[in-house]
Amino acid sequence: MDLLDTLTAKGLRREIPTREEALAVLATTDDELLDVVAAASRVRRQWFGRRVKLNYLVNLKSGLCPEDCNYCSQRLGSKAEILKYTWLKPEQAAEAAAAGLAGGAKRVCLVASGRGPTDRDIDRVADTIAAIKDANEAVEVCACLGLLSDNQAERLKAAGADAYNHNLNTSEATYGDITTTHTYADRVDTVTKAHGAGLSACSGLIAGMGESDEDLVDVVFALREIGSDSVPVNFLIPFEGTPLAKEWNLTPQRCLRILAMVRFVCPDVEVRIAGGREVHLRSMQPLGLHIANSIFLGDYLTSEGQAGQTDLDMIADAGFEVEGAGEPTLPRHRSEAGLGGGCGSGGGGCSDAASDVASEDAHACGTGGGCGPCGSHAEAASHENDELRSDLVRVRRRGAGTELAPNA
Ligand code: SF4
């Protein structure tokens with residue numbers, strides 16, 4: 001297939017595909033799916049070998065958010081019966097993080113719900129980073145605290161944070177349909193602040209909110225342009241009690257096409273299968289590992305993932321290996337370009353517009369938050385599967401904020 005030969009060749013050269021080529025990946029048929037996976041897998045192996053990076057989420061503060069992100073179980077007015085608690089103490093967070101590290105994770109993602117941190121919150125997170133790094137110097141710490149004010153990124157960097165996550169989530173054109181309490185530009189501003197402070201930018205998307213193929217391609221090109229070093233690809237978890245509860249429009253095949261498109265557009269960037277992996281890829285998860293080089297171990301922010309040991313078994317069974325703490329994740333040309341080196345560093349051309357981004361978990365939230373339909377764009381959505389599978393969504397009842405052991 002000419003398209004896949006072209007995309008593979010470009011990926012191996014770190015050359016950006018055209019928008020038309022990216023859209024064509026999303027339009028491939030089920031008969032072509034394994035060829036799409038094989039092509040994306042060649043690009044993945046070129047830059048990341050057979051390594052899988054494990055990341056571990058610690059939800060420092062759950063629920064009670066004043067923002068109205070439609071996809072999020074922690075949003076204002078959410079009726080989702082999630083755990084709600086305020087800031088974990090540093091030692092509690094360090095204990096939760098230790099479980100993930102013992103399970104093989106090399107990055108801990110410290111997430112807090114809310115519009116953004118106060119300066120006092122930055123102090124709390126600084127104490128938490130110190131507690132985690134005192135016990136394990138090699139761990140990478142990513143903070144995900146929402147919109148940042150001036151100088152907060154610098155303070156996190158000084159406290160030892162390695163990265164900052166803030167997802168763009170969806171296209172600029174669609175953003176107003178999923179959130180009204182902040183803007184796409186706000187998210188880009190926070191990503192820019194993090195990047196400017198020397199933090200590695202982690203910013204991704206949420207698929208399955210009713211967006212069009214064009215929206216998906218737009219947000220992935222924007223993520224490339226802003227210089228995201230890691231791109232979490234979340235698949236909407238349609239939580240009961242949120243506006244997007246009935247937005248079940250993803251199939252495993254569609255998820256694989258989306259991952260492949262992201263890999264072709266961001267060939268040398270950490271592509272992470274994030275929230276919704278088990279819910280939407282289901283038994284096709286191992287095929288996702290041939291495209292993405294990173295996953296979350298164990299549970300998400302407000303929902304439960306499969307058992308951590310099952311993640312490890314899946315990686316081994318599929319012939320991959322867990323990336324060790326001493327191994328760099330990014331290819332040398334990117335890591336030597338400096339944190340947040342941006343896609344431009346790769347050759348294909350990313351502007352360094354840098355601006356950027358935000359998102360992910362929206363404050364974390366992408367990873368588990370779930371969302372609902374995206375307003376006016378719902379008509380354009382590819383509703384490949386109208387069947388509600390709410391039985392697949394399990395609210396987190398263990399780990400941080402509970403008396404039960406975390407899943408790692
Ligand atoms: S994504 Fe973040 S800002 Fe939006 S509702 Fe959820 S916790 Fe609040």
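A residue counts as buried if 20 or more other C-beta atoms lie within 10 Å of its own, as exposed if 12 or fewer do, and as partly exposed in between, with C-beta atoms placed from the backbone. The model shown is predicted; local features need pLDDT of at least 70, side-chain atom pairs count only at pLDDT 80 or more, and totals for chains, interfaces and linings use all residues. Residues are numbered from 1 along each chain as its sequence is written.

View 1. Helices (H or I, at least four residues) and strands (E, at least two) are DSSP runs, numbered from the N terminus. Of the 408 residues in the chain, 60% are buried. Two residues are in contact if their C-beta atoms, placed from the backbone, lie within 7 Å. Among contacts with a separation of 6 or more, 82% join residues 24 or more positions apart.

**View 2. Three cysteines carry a UniProt "binding site" feature: Cys 65, Cys 69 and Cys 72.** The record is an unreviewed entry. UniProt positions are given in the numbering used here, feature names are shortened, and annotations may be inferred rather than shown by experiment. Cys 65 sits in the loop between strand S1 (51-61) and helix H4 (90-102). Cys 72 belongs to the loop between S1 and H4. Why does Cys 72 count as buried? Because 37 other C-beta atoms lie within 10 Å of Cys 72. Cys 65 is buried too, with 26 other C-beta atoms within 10 Å. Beyond its neighbours within four places in sequence, Cys 65 is in contact with Gln 74, Arg 75, Leu 76, Ser 113 and Gly 114.

**View 3. A further "binding site" feature from the unreviewed UniProt entry covers Cys 109, Cys 142, Cys 202 and Arg 272.** These positions are spread over 164 residues of sequence, yet they cluster in space, with a largest C-alpha distance of 13.9 Å. Cys 109 is part of strand S2 (residues 107-112). It is buried, with 28 C-beta neighbours inside 10 Å. Setting aside neighbours within four places in sequence, the contacts of Cys 109 include Asn 55, Cys 142 and Asn 165. Cys 202 lies in strand S5 (residues 200-202). Cys 202 is buried, having 32 other C-beta atoms within 10 Å.

**View 4. Strands S2 and S3 pair in the parallel sense over 5 bridges.** Two strands pair if DSSP finds at least two bridges between them. Val 108 stands opposite Val 141 in S3. In strand S3 (residues 140-144), 4 of the 5 residues are buried, so the strand is largely enclosed by the rest of the structure.

**View 5. Helix H1 (residues 2-12) packs with helix H3 (residues 33-48) at an angle of about 10 degrees.** Their axes are 9 Å apart. Axes are lines fitted to C-alpha atoms, for helices over the stretch in contact, and angles run from 0 to 180 degrees between N-to-C directions. H1 and H3 are therefore roughly parallel to each other (angles under 35 degrees). H1 contributes Leu 4, Leu 7, Thr 8, Gly 11 and Leu 12 to the contact. From H3 come Asp 35, Val 36, Ala 39, Arg 42, Val 43 and Gln 46.

**View 6. Arg 397 is found in the segment after helix H14 (332-335).** Arg 397 is partly exposed, with 13 other C-beta atoms within 10 Å. Thr 302 is 95 residues from Arg 397 along the chain, and their C-alpha atoms are separated by 8.3 Å.

How values were computed. Angles under 35 degrees count as roughly parallel, over 145 as roughly antiparallel, 65 to 115 as roughly perpendicular and the rest as oblique.
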